[in-house]
Amino acid sequence: MDICEVLGVPFCVADMEKAIEEVEQNIDSLKGKYICFSNVHTTIMAGDDPEYMQVQRDAAYVFADGKPISKKQRGKGFSAAGRVAGPDFMGEMFKRGGNIRHFFYGASEETIGKLQAELAKKYPELKVSGFISPPFRKLTDSEDRAYVDAINSSGADILWVGLGAPKQEIWMHDHVGRVNAVMMGVGAGFDFHAGTVKRAPKWMQKLSLEWLYRMFQDPRRLFKRYIVTNTKYMHRV
C-alpha cells in the first residue's frame with residue numbers, strides 16, 4: 001500500500017474498500033500491532049509532540065479519518081486516496097461478519113451497555129468476545145494485566161479501543177506485543193454505534209464539516225480543539 005506523508009504522519013493511500021480489504025487479508029499478521037485513524041486534530045498534535053508523532057509512525061497502518069487529509073493526499077498525486085473514518089470502518093467490519101471476533105475496550109459503562117444492545121440488534125451474527133469499560137484514571141499494573149489477560153483469553157481478533165485521542169494511540173503503542181488482537185483506535189466510534197452521540201449528516205461529512213457538527217454538540221470541550229488545530233493545519237499545509 002502506498003504511503004503519503006501529511007505533515008510528517010505516514011498516511012496509507014486507501015479508500016474504505018481498500019482499507020477493509022487490506023485488514024481482512026492481513027489480519028493474522030497484524031495481531032499484536034495497531035492501526036490509527038487520524039484526522040487534522042491528531043496530525044497537528046503529532047506535529048507538536050515528537051513522542052506522539054512516533055506513536056503515529058509506529059502504527060501498522062494510519063488511515064485518513066478526515067477529508068482534509070485525503071484531499072491533501074490527492075493534491076500530492078494520489079488519486080486513489082479517500083476518507084477512512086474509524087466509526088465507518090467499524091460499521092463495515094460489523095456488516096461483513098465472518099469468523100472475526102471483536103472485543104471493545106473503552107467508553108463509559110453506560111455507553112458500553114447501549115453499545116452491547118445496539119450491536120445485538122443490528123448485527124445479530126457478529127461474534128463479540130467481550131467488553132471492558134476501564135476506569136477514567138491511570139490503571140494500576142495489576143489492573144492492566146488483568147484487562148490484557150481477559151482480552152487475550154477471549155480469543156478476539158480485533159480490539160476496538162475507544163479512549164479518545166491521544167490516549168488511545170498511546171495505550172495501543174504501549175501494548176504492542178502484549179495484546180494478541182489487532183488494536184484499532186476509533187475515538188467516538190463507540191458512542192456513534194451506541195447511539196449516545198449522533199453523527200453529522202452525510203452532506204456535512206462530504207463538505208468536511210463533521211468537526212463543526214461535533215463542536216456544536218459539545219462546544220465547551222471541543223471549541224478550542226477544533227478552532228486551534230484547524231487553524232494550525234491550514235497554516236502548515
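Predicted model: local features only at pLDDT ≥ 70, side-chain atom pairs only at ≥ 80, totals over all residues.
Strands, here, are DSSP runs of E at least two residues long, numbered from the N terminus. By that reading, Gly 185 belongs to strand E8, which covers residues 182-185. With a relative accessibility of 2%, Gly 185 counts as buried. Setting aside residues up to four places away in sequence, Gly 185 touches Ile 35, Phe 37, Val 161, Gln 168 and Met 172. Pro 87 is 98 residues from Gly 185 in sequence, yet the two C-alpha atoms are 9.8 Å apart in space.

Stepping back to the whole chain, the protein has 13 helices and eight strands. Its radius of gyration is 17 Å, close to the 18 Å given by the globule rule for 237 residues, so the protein is as compact as a globular protein of that length. The C-alpha trace spans about 45 × 40 × 35 Å along the principal axes of the protein. Of the 237 residues, 48% count as buried. Among contacts between residues at least 6 apart in sequence, 72% join residues at least 24 apart.

Which residues of helix H6 are buried? In this helix, which runs over residues 86-96, the buried residues are Gly 86, Pro 87, Phe 89, Met 90, Gly 91, Met 93 and Phe 94. An α-helix has 3.6 residues a turn, so residues three or four places apart point the same way. Just after H6, Gly 97 takes a positive phi of about 60 degrees. Glu 24 is in contact with Met 93 and Arg 96, leaving aside its neighbours within four places in sequence. At 30% relative accessibility, Glu 24 counts as partly exposed. Gly 66, 42 residues from Glu 24 in sequence, is 22 Å from it in space, C-alpha to C-alpha.

Most residues other than glycine have a negative phi, and most peptide bonds are trans. Leu 7, a residue other than glycine, has a positive phi near 55 degrees. This leucine sits in the loop between strand E1 (3-6) and strand E2 (9-12), and its relative accessibility of 29% makes Leu 7 partly exposed. Ala 107 also has a positive phi, near 70 degrees. Its place is the loop between strand E5 (101-106) and helix H7 (109-122). Is Ala 107 buried or exposed? At 14% relative accessibility, Ala 107 counts as buried, because the cut-off for burial is under 20%. A cis peptide bond, with omega about 0 degrees, joins Ala 165 and Pro 166. Pro 166 lies in the loop between strand E7 (158-162) and helix H9 (167-174).

Ala 107 comes up again in the surroundings of Pro 134. Apart from its neighbours within four places in sequence, Pro 134 is in contact with Tyr 105, Gly 106, Ala 107, Leu 139, Tyr 147 and Leu 163. This proline is found in the loop between strand E6 (127-132) and helix H8 (141-153). Pro 134 counts as buried, at 9% relative accessibility. From Pro 134 to Cys 12 the separation is 122 residues in sequence and 30 Å in space, C-alpha to C-alpha.

The cysteines complete the picture. A disulfide is a covalent bond between the sulfur atoms of two cysteines. How many disulfides does the structure hold? The structure holds zero. Cys 36 is in no disulfide, and the nearest cysteine sulfur, that of Cys 12, is 10 Å away. For Cys 4, the closest cysteine sulfur is again in Cys 12, at 11 Å, which is too far for a bond, given that a disulfide needs the sulfur atoms within 2.5 Å. Cys 4 counts as buried at 2% relative accessibility, and Cys 36 is buried with a relative accessible area of 0%.

How values were computed: Residues numbered from 1 in each chain as written. Heavy atoms only, no water. Helix = DSSP H or I, 4+ residues; strand = E, 2+ residues; numbered from the N terminus. Rg over C-alpha atoms; globule rule 2.2 N^0.38 Å. Buried < 20%, exposed > 50% of the residue type's maximum accessible area, 1.4 Å probe, protein only. Contact = heavy atoms within 4.5 Å.
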